[in-house]
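Subject: Structure for your review

Dear colleague,

Please find below the structure that I am handing over to you. My notes on it follow directly after.

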Amino acid sequence: MGQGRIPHRHSYCKQQRIRNKIAVPVYISFILATTLICWTGSDCQISGESFIQILTLNNIHRNREATIIVLGIIMLTVSILGEKIISKLNIIAVPALILLCIYGMVTCLQDISFMELVKASPVEPISLAEGVAMVFGMQAVGSTISPDYHRFCRDRKGSCLAAVVGIIPYCLFLFIAGSVMGAATGESDISVLIAKLGLPIIGLIILVLATWTTMACDAYTGGLAITSLLHLSGKKRAAATAVAGIVGILLAVFDIMNYFTNFLDLMASCIPPVAGVMITDYWPLKHGKVENWEERPGFHWNGIICLVCGVLAALFLPFGFLTINGILVSGILYFLTSKLASRTETQS
């Protein structure tokens, strides 16, 4: 964000000037493209199921797969048109979702006491470590791709405020609201949960709009990742976005949500170590100064090896939280090896 660049395309312009060289963003682009396509599918499925609930409440019955495909294609058009249309959609959907969550929590707290809420147990409980990993898995992707949008801010201060004030309180509120409503209704399916709150049609319409904005962002950024991965020009971004969206829609048709928790666990292991290397390179080593940072052609093996070590630490260390383990191991190793390499180079 401090550089005003797209994270997975740091070396893209450099790549176009250097033939027969493969740059480091290939790994990042592949991970982000895969993740964002799956997120697109998840968002499309939630929107589709919510829309089907609306039709059912009005005694209209339609084929599930066909409904998801048609609705997904309609939503995908916003992603193809670009970030300006996405921002306009957010202006409507985000406040509406906040109001819906407030209404849902107030409604639920009228039917259940605070102590009953605290003692409520999910049908399939998970450990604290698994819960932290799941939350990190959801947030890691959003945090990593946030510069795709914050690069339009006027300065670094604006970028940081957008990330901290614009994202953290909102996401924390949604997590709390979801927990309260889920515990009170005993439902884990968000579309069924919303239908039970007393404003089924309006609530489900808001949910469709909210997941539409999320799907639009995921498909758009997935398209950027594909253009970087395949070294396409910026003019191909719309086509790449269409491909990401269509694959996501097909995943929704095949019920990706049944496998999504396991996928989030995997992403919680693979993506945060990327941040560990990037943070260490830009802040402790380059002192957070844009002029100290430069693009590197080809593979930077030191960073890649430290990244792989971070992923392995996240997957196999028997203590701590896997996401934090991955960030710390990749970041600390990168700092130490970079300092050692710099000292060796100075001595020689």
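Predicted model: local features only at pLDDT ≥ 70, side-chain atom pairs only at ≥ 80, totals over all residues.

H14 contributes Asn302, Gly303, Cys306, Leu307, Cys309, Gly310, Ala313 and Ala314. H15 contributes Leu322, Asn325, Gly326, Val329, Ser330, Leu333, Tyr334, Thr337 and Ser338. Sorted by type, the residues of the contact of H14 with H15 are nine nonpolar, eight polar and no charged.

H14 itself covers residues 301–316, which makes 16 residues. From its first C-alpha to its last, H14 reaches 22 Å, close to the 22 Å expected at 1.5 Å a residue. The buried residues in H14 are Gly303, Ile304, Cys306, Leu307, Gly310, Val311, Ala313 and Ala314.

Thr323 has a relative accessibility of 1% and so counts as buried, since buried means under 20%. Setting aside residues up to four places away in sequence, Thr323 touches Phe136, Ala268 and Pro272.

Helix H3 (residues 64–81) packs with helix H11 (residues 237–253) at an angle of about 155°, and their axes are 9 Å apart. H3 and H11 are therefore roughly antiparallel to each other, and their crossing is right-handed. From H3, the residues in the contact are Arg64, Glu65, Ile68, Ile69, Gly72, Ile73, Leu76, Ser79, Ile80 and Leu81. They meet Arg237, Ala238, Thr241, Ala242, Gly245, Ile246, Ile249, Ala252 and Val253 in H11. The residues of the contact of H3 with H11 divide into twelve nonpolar, four polar and three charged.

Helix H10 runs over residues 200–229 and has 30 residues. H10 reaches 42 Å from its first C-alpha to its last, close to the 44 Å expected at 1.5 Å a residue. Why can H10 be called largely enclosed by the rest of the structure? The reason is that 23 of its 30 residues are buried.

Ile194 lies in helix H9, residues 190–195. With a relative accessible area of 4%, Ile194 is buried. Apart from its neighbours within four places in sequence, Ile194 is in contact with Leu100, Pro200, Gly203, Leu204 and Leu207. Ile194 and Ser50 are 144 residues apart along the chain, while their C-alpha atoms are separated by 8.7 Å.

Loops and backbone angles

Most residues other than glycine have a negative phi. Against that background, which residues have a positive phi although they are not glycines? Asp255 is one of them, with a phi of about 65°. Asp255 lies in the loop between H11 and helix H12 (260–270), and with a relative accessible area of 23% Asp255 is partly exposed. His287 is another, with a phi of about 60°. The loop between helix H13 (272–285) and H14 holds His287, which counts as exposed at 55% relative accessibility.

Not counting residues up to four places away in sequence, Met257 touches Ser42 and Gln45. Met257 and Met267 are ten residues apart in sequence, and their C-alpha atoms are 15 Å apart in space.

Yours sincerely,
A colleague

Technical notes
Residues numbered from 1 in each chain as written. Heavy atoms only, no water. Buried < 20%, exposed > 50% of the residue type's maximum accessible area, 1.4 Å probe, protein only. Contact = heavy atoms within 4.5 Å. Axes fitted to C-alpha atoms, helices over the stretch in contact; angles between N-to-C directions. Helix = DSSP H or I, 4+ residues; strand = E, 2+ residues; numbered from the N terminus. Parallel < 35°, antiparallel > 145°, perpendicular 65-115°, else oblique. Left-handed = near helix turned anticlockwise from the far one by under 90°. Nonpolar A, V, L, I, M, F, W, Y, C, P; charged D, E, K, R; others polar. Expected span 1.5 Å × (residues − 1).
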